[in-house]
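Dear colleague,

Please find the structure below, handed over for your records. My findings follow it.

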Amino acid sequence: MQNILIIDADQESICVLQHIEQIDTYQIIGIVDRTENGDSNKFASQNGIPHGPDPESFLSGNVQLILDFSGDSPSIYNQKYPQITVIPKSISQLIVKILAYHHSELHSLESDNIIYKSIFNSVGEGMIGIDKKGHINLFNDSASKMLDFSVEEVIGKPILSIIPASGLPDILQNGQPDSDVELQLTNGLDILSSRYPIVMPDGTITGAFAVFKDVTGVIRTAEEITDLKRVKTMLEAIIHSSDDAISVVDSEGLGILVNPAYTRLTGLTEREVIGQPATVDISSGESIHMRVLETKAPARGVNMQIGENNRDVIVNVAPIIVDQEVKGSVGVIHDITEIRSLMKQLDHAKAMIRELESTYTFDDIIGTNEDLLIAVSQAKIAAGSEIPVMLRGEPGSGKELFAHAIHTGSRRNEGEFIRVSCASLDVEAIEVALMHTEIQHDKSSGTLFLDEITELKPAVQKKLLEYIGSGRITAAGQPIQLTVRIITSSAANLERAVHEGVLCEDLYYQLTRMSIRIPPLRTRTDDIELLTDVLLAMLNQEFGMTIQQVTPKAMQRLQSYEWPGNVRELENVLSRAMILTEAGSTKLDEEDIVRALSSRSEQQTDPGIPEKRTLASLMEDHEKVLLETSLKENNGQKVLTADRLGISLRSLYYKLEKYKLI
C-alpha cells in the first residue's frame with residue numbers, strides 16, 4: 001500500500017482522486033488546498049479524507065508519493081524528504097488527462113494509441129522514458145525538437161547512445177528522483193531536467209522517465225543580467241574614484257547619480273540631489289543638463305557657478321543615447337577656482353625661482369631671425385669657454401638675457417650670477433662684487449655681469465684690468481686670488497670711447513676677445529609676434545589680467561613701428577596697452593596699441609612745450625614714488641622689494657633704470 005498526498009488539485013483533477021480511491025494499492029492520506037472553499041476540500045469532506053492548507057502537517061506521516069498540482073519546484077520537498085517521490089504539475093496534469101480518458105488504459109502508455117500520443121505530444125516539456133533495460137520507450141515531440149532526433153530514430157535504442165548524460169540509468173538503479181538538474185546537450189542546448197523512477201504497486205522499478213525544458217534563453221538572460229550588474233558595479237566604482245565631479249540625470253532631468261567629488265565641490269549631499277531637478281546645484285545660469293536633453297547634442301567648456309559657495313567651474317555634458325533615444329545625460333565638472341589659484345601661485349613661484357636663481361637659458365631667447373641665431377650660436381660657444389665676453393647692442397635689445405644664458409650654459413651654473421651697473425661702481429664696490437661672486441667650499445665660482453662698461457670710472461677700470469690679467473685683486477694690501485667669470489655689455493660705440501679716452505684701451509682689448517653683437521628689434525620684425533606672446537604671458541601674471549591675443553591689425557601696427565627701445569620698449573608698450581584696454585578684455589586691438597604708442601611719444605616731446613598731464617604720465621609719476629618708498633622700506637633690498645610689489649626682479653631693475661633710481 002502506497003500513501004499519496006494531493007496538493008492543490010483543481011476541478012479537472014478531481015477525477016484523479018476518484019480513480020485513486022478505487023485502487024486498492026493506493027491510499028489518499030491527505031489533501032492540501034490553500035483556498036478555503038476549493039474543489040479539493042469539498043471532495044475531501046465528502047469522502048472523509050483529512051485536508052488542510054499546510055503540506056507540512058501531512059509530510060510528517062508515512063507518505064510515499066506526492067501529486068503536486070501547484071507548480072512549485074519538486075526540489076523543495078526532495079531536499080527535506082528524499083524518500084518521497086514527487087510528481088510535478090506537468091506530469092500530474094498528464095496523468096489527469098490520461099485517467100480522464102479511460103482508467104483501464106493507465107498501464108498501456110507504451111501503446112501506439114493516437115489519443116495517448118496526442119496527449120504526450122501536447123506537453124511543452126520534453127519527455128523521455130526508458131524501460132528496465134535502459135532502452136527508450138517514450139519520446140515526445142518536444143523532446144524530438146530539442147534533441148534533433150525523430151521518434152523512429154530513438155525508440156528502442158539504449159538511452160546512453162542517444163543522451164549519454166541523461167542520468168536516467170542512475171535513477172533506474174537507485175530508485176531516487178532527481179530534480180532541477182542543469183545539463184547541456186551535445187547540440188549546445190541548455191536544459192533543466194527532473195528525473196523519476198517508475199515504481200509499480202508492488203514496489204518494483206520498471207523504468208524511469210525524465211521531464212526537461214529548454215532554458216538556454218533563460219540562462220543567457222541571466223548571464224546578461226549578471227554581466228550588466230558587473231558593468232554597473234565597475235562603472236560606479238570608476239565614477240566614485242574620479243577626482244572630477246560627476247553628475248548623471250535621467251531623461252526627465254532628475255538626478256540619478258553623483259560621486260563624492262561632486263559632493264565635496266557643491267556641498268550638496270546625495271539625498272539633496274538624487275531625484276531632484278538638475279537645477280538644484282546651480283547658483284547662476286541655465287542648466288546644461290536640460291539644454292543637452294533638449295538639443296540631444298553635447299555641450300563643452302561652459303563656464304558656470306554651482307553649489308553653496310558659488311564655485312567657478314567648467315562643465316562638459318553629453319547625452320546618454322540608447323537606440324537613438326535620449327535616456328539622460330552625464331556631466332563632468334572641473335573646479336577652475338582652485339585651478340586658477342594654484343596656477344597663479346605656480347607661475348609666481350616659477351618666476352621668483354627664475355629671477356633668484358638666474359635660470360634663464362638659451363631657450364628663453366625668442367626669435368628666428370638669422371642675425372639673432374648667429375648671436376645665440378656665438379653665445380653658446382662663449383658658455384663653453386672662460387674668457388671675458390662683451391655683449392654689444394642697443395638699450396633693451398636683450399644683453400642681460402644673453403648674459404644669463406651664457407652663465408646658465410657654463411660650468412659655473414651652480415655659482416651666483418650678479419649684475420652690477422657700472423655707473424654705480426667705485427674701487428671698493430668692484431672688489432666687493434668680485435669677492436661676493438666667488439664661492440668657496442669647492443664649488444665653482446659665479447659670473448659677474450658688468451652692464452654698460454663705458455660708464456666705469458678710470459680707477460675701477462684699472463682694478464678690473466688688474467684682475468683680468470692676473471686673476472687677483474689687492475684688498476687691504478693683501479692679494480686675493482679669484483676665479484670669477486667676467487661678462488660685460490655696452491650700448492655705446494666702444495671704439496669711439498677708446499679714442500676719446502673714456503675706455504682704457506688695454507681693458508677694451510681684454511674685454512672684447514669674444515664680442516657678440518645682438519641685433520636690434522627693428523631688424524627682426526618677424527620675431528615681434530613670438531615676443532609678444534611671451535611678454536603677454538609674463539604681463540598677465542604681473543597685472544593679474546587675461547589678455548590672450550593681439551588682433552591682426554594691432555600686430556601690423558607693432559611690426560611697422562621702429563622700436564628705438566627694442567624689446568624693452570615692446571614690453572613697455574604692451575603693458576601700457578593692457579592697462580589702457582577695457583576691463584575684462586581678453587585681447588588687444590589696434591586702438592589699444594595706438595594709445596600705448598601715443599602715450600610713449602608724449603614722454604619724448606620737446607621740453608619747451610608745456611607737458612600734457614595724461615593719465616599715463618600721472619601713473620608713471622605715481623609708480624616712481626611707490627618704487628622709491630618701497631626701496632626705503634626694504635632697506636634697498638631689491639629682491640625683497642620686487643617680491644612685495646609683486647613684480648619680477650628683472651622688471652624692477654628695468655623700472656629703477658627707467659626712473660634713474662640706481
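Helix α22 (residues 528-543) and helix α24 (residues 566-580) cross at roughly 55 degrees, and their axes come within 10 Å. Axes here are lines fitted to C-alpha atoms, for helices over the stretch in contact, with angles from 0 to 180 degrees between N-to-C directions. The two helices are therefore oblique to each other (under 35 degrees counts as roughly parallel, over 145 as roughly antiparallel, 65 to 115 as roughly perpendicular, and the rest as oblique). From α22, the residues in contact (heavy atoms within 4.5 Å) include L531, L535 and F543, and from α24 they include L570, L574 and M578.

The model is predicted: local features need pLDDT of at least 70 and side-chain atom pairs count only at pLDDT 80 or more, while totals for chains, interfaces and linings use all residues. Residues are numbered from 1 along each chain as its sequence is written, and side-chain values use heavy atoms, with hydrogens and water left out.

S489 sits in strand β22 (residues 485-490). With a relative accessible area of 0%, S489 is buried (buried means under 20%, exposed over 50%, partly exposed in between, with a 1.4 Å probe and protein chains only). Its side chain makes a polar contact with the side chain of D451 at 2.5 Å.

D148 lies between α7 (141-147) and α8 (151-154) and is exposed at 56%. N635 lies between α26 (615-633) and α27 (638-645) and is exposed at 67%.

Kind regards

Conventions. Helices (H or I, at least four residues) and strands (E, at least two) are DSSP runs, numbered from the N terminus. A polar contact is a pair of N or O atoms within 3.5 Å; within protein, one must be able to donate a hydrogen and the other to accept it, and residues adjacent in sequence count only if both atoms are side-chain atoms.
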